Amino acid sequence: MVLKYPHATEKATYCVENESKIQFVVDNTATKPEIRKAVEKMFGQQVTSVRTMMTTKGEKKAIVGFSNEKAAEEILSRLGIM
């Protein structure tokens, strides 16, 4: 399983509202193309960008951008976060 859970913080909420990007904690061995495919398959939205980074806790975090500006809000509302 590539995606573990959405990363919900104040900064992540800002990204959703202003940039249409969602942050996910992902498997440490996941690559950017794997993350892109998993998000597109799971949520049915076209992904435009994937950025990854390692957190200080040793987890890998992905910031996923969408072409549709309302996609991020829709996905988080489906997940029950917003």
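The protein chain has a secondary structure of 3 helices and 4 strands, where helices (H or I, at least four residues) and strands (E, at least two) are DSSP runs numbered from the N terminus. Along the sequence these elements follow the pattern β-α-β-α-β-β-α. The radius of gyration, taken over C-alpha atoms, is 12 Å, close to the 12 Å that the globule rule (2.2 Å times the number of residues to the power 0.38) gives for 82 residues, so the chain is as compact as a globular protein of that length. This is a predicted model, in which local features need pLDDT of at least 70 and side-chain atom pairs count only at pLDDT 80 or more, whereas totals for chains, interfaces and linings use all residues. Residues are numbered from 1 along each chain as its sequence is written, and side-chain values use heavy atoms, with hydrogens and water left out.

The 4 strands form an open sheet with antiparallel pairing, in the order β1-β2-β4-β3; two strands pair if DSSP finds at least two bridges between them. At the edges lie β1 (3–6) and β3, each of which pairs on one side only, and the twist from one strand to the next averages 30°. Between the antiparallel strands β1 and β2 there are 3 bridges, and Leu3 has Val26 in β2 as its bridge partner.

Two helices can then be placed against these strands. The helix α3 packs on the sheet, where it touches β1, β2 and β4, and its direction makes about 50° with that of β2; such angles run from 0 to 180 degrees between N-to-C directions, with axes fitted as lines to C-alpha atoms, for helices over the stretch in contact. The helix α2 lies across β1, β2, β3 and β4, running at about 125° to β3.

Leaving aside neighbours within four places in sequence, Phe66 is in contact (heavy atoms within 4.5 Å) with residues including Ile22, Val39, Val47, Ala71 and Ile75. Over the protein chain, buried residues (under 20% relative accessible area, with a 1.4 Å probe and protein chains only) make up 35% of the 82 residues.

Notes
Buried means under 20% relative accessible area, exposed over 50%, partly exposed in between (1.4 Å probe, protein chains only).
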